[in-house]
Amino acid sequence: MNGGPPAVVGLSQTPAAICPMPLEKPEIAARFQERYGAPPHWIVRAPGRVNLIGEHTDYNDGFVLPMAIDRAVWIALRSREDRKVVLHAADFGRGGEFSLDDLRRGQPGWLEYLKGTAWALREAGRPLAGWEGVLAGDVPIGAGLSSSAALEVAAARAFAAVGGLGWDPVEMAMLCRRAENEWVGVHCGIMDQLIATEGRAGHAVLIDCRTLQSRHVPMPAEVAVVVLDTGTRRGLADSAYNERRAQCRSAAEFFQQPALRDVDLDLFQQLSGGLDDVIRRRALHVITENDRTLQAVEAMNRGDIAALGVLMHKSHESLRDDYEVSSPALDAIVEAAGAHPACFGARMTGGGFGGCAVALVRQTGLDEFVPAVTEEYRKKADLEATVYICYPSQGAEVLPGGE
């Protein structure tokens, strides 16, 4: 992208036309009308997410502070009588179907997330009914904005609408995570699905990953959250992720605690001299990141955007130096963003080794920030960044389709 408005990527993996506006209800309704010759009965929407702070704390029973973003997966649908799910993925230009009475794993792809959600709901004793519809969205795949969780939660919302099922956000998030863990075979924590069900417009959400309790935290109105896609992907992240989980377990055992969430900085400073240096640094990141996340909530509650920005910078430094999950591209884009006068703070977000950074940017400075940072990143990394200007949105919802 050569400056200008942010490039937006849809459900497909190919960049679409430059378009700063998210997909909206009338567009998905029109696609359904065109395909079926009638308006949909329901339209469901489930958002992607970005994590503002609290990285690699989730599997240590810690705290995270994500927000649902105004990029989402949409399904326009109506019921069927034959217990089949028939869906056309508009962004891929192809369809798929499966029977609720004969759920079988197929080739990897978008349809498996819907099958997995159906399977998880059935395993939980939820009655399922068939439906048909059109799927579309603008959550980019592979950028760390949780397109898979958005798809799972949208599917759960669709099954709930057709089957008249109750909607408990925590329970549905847990079932969607089970679908991804056990059906799709991707290991993930609960954050992505839970923010997709618990999001609130204008707010981030503090999630306690041990209790699954959440608290909505108002986002400052004068800032935008800018997601900066480095154009690089994670490579060997799976093995590194597993290694770091093991290192955190080892550290918790050393401190004789259930998880690093239970180790405060005083205990760490008293005893950490007995740890291997690498494991000591891994533990230090998790312990301080939990503290930073709680401090970030306090800063947001008192409207102290500058303090929030400082915490984001410190988070990136810790992820880079102690947890060692950053990359040259991530460091370059964080440095470029942080140097701009409209930016309060920036950090890598997600698992690391590639993907995205997130920046908190003054609304009035966005027009200068985007071209300046993408140009500086191009100079530093010889790569093109894709930029998403995001605002905190509502979690998964079902809307009437016939309006």
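His56 is buried, its relative accessible area being 7%, where buried stands for under 20% relative accessible area, exposed for over 50% and partly exposed for what lies in between, with a 1.4 Å probe and protein chains only. The structure is a predicted model, in which local features need pLDDT of at least 70 and side-chain atom pairs count only at pLDDT 80 or more, while totals for chains, interfaces and linings use all residues. Residues are numbered from 1 along each chain as its sequence is written, and side-chain values use heavy atoms, with hydrogens and water left out.

His56 belongs to the loop between strand S1 (42–53) and strand S2 (63–79); helices (H or I, at least four residues) and strands (E, at least two) are DSSP runs numbered from the N terminus. A polar atom of the His56 side chain lies 2.9 Å from the backbone oxygen of Gly351. Apart from its neighbours within four places in sequence, His56 is in contact (heavy atoms within 4.5 Å) with Tyr241, His285, Val286, Leu319, Tyr323, Val325, Gly350 and Gly351.

## Glu132 in strand S5

Glu132 is part of strand S5 (residues 131–137) and, with a relative accessibility of 10%, counts as buried. Its side chain makes a polar contact with the side chain of Arg78 at 2.6 Å, and the side chain of Glu132 also makes a polar contact with that of Arg80, at 2.7 Å. A polar contact is a pair of N or O atoms within 3.5 Å, of which, within protein, one must be able to donate a hydrogen and the other to accept it, and residues adjacent in sequence count only if both atoms are side-chain atoms.

Not counting residues up to four places away in sequence, Glu132 touches both of these arginines together with Phe32, Tyr36, Ala76, Leu77 and Val86.

## Helices H3 and H4

Two packed helices are described by the angle between their axes and the distance between the axes. Helix H3 (residues 147–163) packs with helix H4 (residues 169–184) at an angle of about 120 degrees, and their axes are 10 Å apart; axes are lines fitted to C-alpha atoms, for helices over the stretch in contact, and angles run from 0 to 180 degrees between N-to-C directions. H3 and H4 are therefore oblique to each other, since angles under 35 degrees count as roughly parallel, over 145 as roughly antiparallel, 65 to 115 as roughly perpendicular and the rest as oblique.

The crossing of H3 with H4 is right-handed, a crossing being left-handed if the near helix is turned anticlockwise from the far one by less than a right angle, and right-handed if clockwise. On the H3 side the contact is made by Ser148, Ala149, Glu152, Val153 and Ala156, and on the H4 side by Met172, Cys176 and Glu180. These residues divide into five nonpolar, one polar and two charged, where Ala, Val, Leu, Ile, Met, Phe, Trp, Tyr, Cys and Pro count as nonpolar, Asp, Glu, Lys and Arg as charged, and the others, Gly among them, as polar.

## Helices H8 and H9

Helix H8 (residues 277–301) and helix H9 (residues 305–321) pack with their axes 10 Å apart and at an angle of about 165 degrees, which makes H8 roughly antiparallel to H9. The crossing of H8 and H9 is left-handed.

H8 contributes Arg281, His285, Thr288, Glu289, Arg292, Gln295, Ala296, Ala299 and Met300 to the contact, and H9 contributes Ala307, Leu308, Leu311, Lys314, Ser315, Ser318, Leu319 and Asp321. The residues of this contact divide into seven nonpolar, five polar and five charged. Two residues in the contact of H8 with H9, His285 and Leu319, are also among the contacts of His56.

## Loop residues

Arg126 is found in the loop between helix H2 (110–123) and S5, and is buried, with a relative accessible area of 17%. The backbone oxygen of Gly166 lies 3.3 Å from a polar atom of the Arg126 side chain, and Arg126 touches Leu121, Leu165, Gly166, Glu171 and Met172, when residues up to four places away in sequence are not counted. Gly144, in the loop between S5 and H3, counts as partly exposed at 35% relative accessibility.

Although not a glycine, Leu212 has a positive phi of about 65 degrees; Leu212 lies in the loop between strand S6 (203–208) and strand S7 (214–218) and counts as buried at 16% relative accessibility. Glu324, likewise not a glycine, has a positive phi of about 55 degrees. Glu324 is placed in the loop between H9 and helix H10 (328–338) and, at 35% relative accessibility, counts as partly exposed.
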